[in-house]
Amino acid sequence: MEERKNEVRDFVERHLQTRECLETLFRLGLDDLIGDRRYNLKKHKEVIVGEEFVRWLIDKDQAKTMEEAVEIGQRFIDYDFMCHVQSEQPFKNTSLLYRFKGGFDAGDNTWRPMATDDAEDEYVKNQGTEKELTEFSTRRKVQSVFAKTIDPLTCEKSFVISSYDIVYNNDLPSYVAWKIDVVFDDFQWTIFRRWKQFVTLDGSIMSRSSKKKYQLEPLPPVRRNPLDKFDVDFLDNRMTGLNIYLRCIKDNLGNAFSDGAVKKFLKFIAPIQHGDIKSPNFVLPFKFVDY
């Protein structure tokens with residue numbers, strides 16, 4: 001059992017390293033190589049030419065030799081980031097066409113894997129060849145890592161505002177960014193959210209009936225004089241009120257909220273916005289689609 005765990009752990013580590021490599025290449029402009037091509041009288045959309053990819057890697061100082069560039073391409077195939085457009089071909093320094101199995105999100109500089117097709121998975125499990133079953137098992141292993149199987153409703157968790165920053169625009173205070181330290185079991189990260197994001201969240205997840213039934217805490221009151229919204233005493237009191245609000249959500253997440261509300265809250269505290277802080281190899285420990 002321990003040997004199996006180590007094997008999966010090594011696989012995951014290599015997969016993460018490969019994904020980081022791919023994200024680096026897209027930041028260097030790999031997107032420019034992807035386009036529609038014709039091969040054997042058939043048009044293939046959003047593909048890359050093997051030999052062009054090899055030359056590009058060398059030009060961008062990501063590979064020293066053609067052999068090293070081919071190894072990089074093959075690694076993307078081995079870890080299910082790329083495939084040949086028609087058959088099970090290895091990566092070659094030729095005119096063969098390959099397609100990436102996902103896309104690069106320039107907004108947060110991360111790779112988004114392609115969603116799997118449940119019907120295809122069902123076919124492979126029931127009627128697939130030995131090779132298809134092996135590939136299916138590998139893909140599921142990767143998915144299980146990138147959608148960690150912890151239950152966000154029942155696991156140990158906390159959401160605590162530890163401080164705040166006043167953000168300035170043209171030397172004038174513009175808004176307050178609340179620093180929230182998030183913990184789910186052994187996973188930790190930090191997010192920054194504005195007051196208006198709390199207001200939007202509250203309006204979308206807390207129905208009147210739920211507030212009354214479960215006696216949920218309201219958001220702290222709004223400052224009547226907008227000129228005083230950066231007053232230190234007011235901000236300290238608001239931080240206390242927001243922490244009570246977040247603690248109330250945490251304590252009632254499993255019973256007071258609908259599935260849709262849980263999903264919205266998980267997106268609110270996920271480190272997917274600009275400025276959020278997470279480790280380089282961060283893996284979100286839950287998936288939104290389950291809720």
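**Entry 1: the chain as a whole**

I looked up burial first: 38% of the 291 residues of the chain count as buried, where buried means under 20% relative accessible area, exposed over 50%, and partly exposed in between (1.4 Å probe, protein chains only). I note that this is a predicted model, in which local features need pLDDT of at least 70, side-chain atom pairs count only at pLDDT 80 or more, and totals for chains, interfaces and linings use all residues. I number residues from 1 along each chain as its sequence is written, and the side-chain values use heavy atoms, with hydrogens and water left out.

I find nine helices and nine strands in the chain, taken as DSSP runs numbered from the N terminus (helices H or I, at least four residues; strands E, at least two). For contacts, meaning heavy atoms within 4.5 Å, I read that residues 24 or more positions apart account for 56% of those in the chain with a separation of 6 or more.

**Entry 2: helix H8 and Asn252**

I turned to H8, which has 21 residues and reaches 30 Å from its first C-alpha to its last, close to the 30 Å expected at 1.5 Å a residue; the expected span is 1.5 Å times one less than the number of residues. At the start of H8, I see a side-chain oxygen of Asp231 reaching to within 3.2 Å of the backbone nitrogen of Asp233. I count such a pair as a polar contact, that is, N or O atoms within 3.5 Å; within protein, one must be able to donate a hydrogen and the other to accept it, and residues adjacent in sequence count only if both atoms are side-chain atoms.

The buried residues of H8 include Arg238, Asn243, Cys248 and Asn252. Asn252 lies in this helix, residues 232-252, and counts as buried because its relative accessibility is 14%. Its side chain reaches the backbone oxygen of Cys248 at 2.8 Å, and, not counting residues up to four places away in sequence, Asn252 touches Tyr214, Leu216 and Phe257.

**Entry 3: cysteines**

How many disulfides does a search of the whole structure find? I get zero, with a disulfide taken as a pair of cysteine sulfur atoms within 2.5 Å. Cys248 is buried at 9% relative accessibility, whereas Cys21 is partly exposed, with a relative accessible area of 29%.

**Entry 4: helix H6**

In H6 (residues 195-205), I list Trp195, Phe198, Leu201, Asp202 and Ile205 as the buried residues. Seen down the axis of H6, they fall within an arc of 120°, so they line one face of the helix; the arc is that of the directions from the helix axis to the C-beta atoms. On the other side of H6, I find Lys196, Thr200 and Gly203 exposed.

**Entry 5: three aspartates**

I checked Asp276 in the segment after helix H9 (259-269), and it is buried, with a relative accessible area of 14%. Its side chain reaches two backbone nitrogens, that of Phe192 at 3.2 Å and that of Gln273 at 3.0 Å. Leaving aside neighbours within four places in sequence, the residues in contact with Asp276 include Thr190, Arg193 and Pro271.

Asp80, in the loop between helix H3 (66-78) and strand S3 (82-84), has a phi near 70°, a positive value in a residue other than glycine, and is partly exposed at 27% relative accessibility. Asp171 also has a phi near 70°; I place Asp171 in the loop between strand S7 (157-169) and strand S8 (172-184), where it counts as exposed at 73% relative accessibility.
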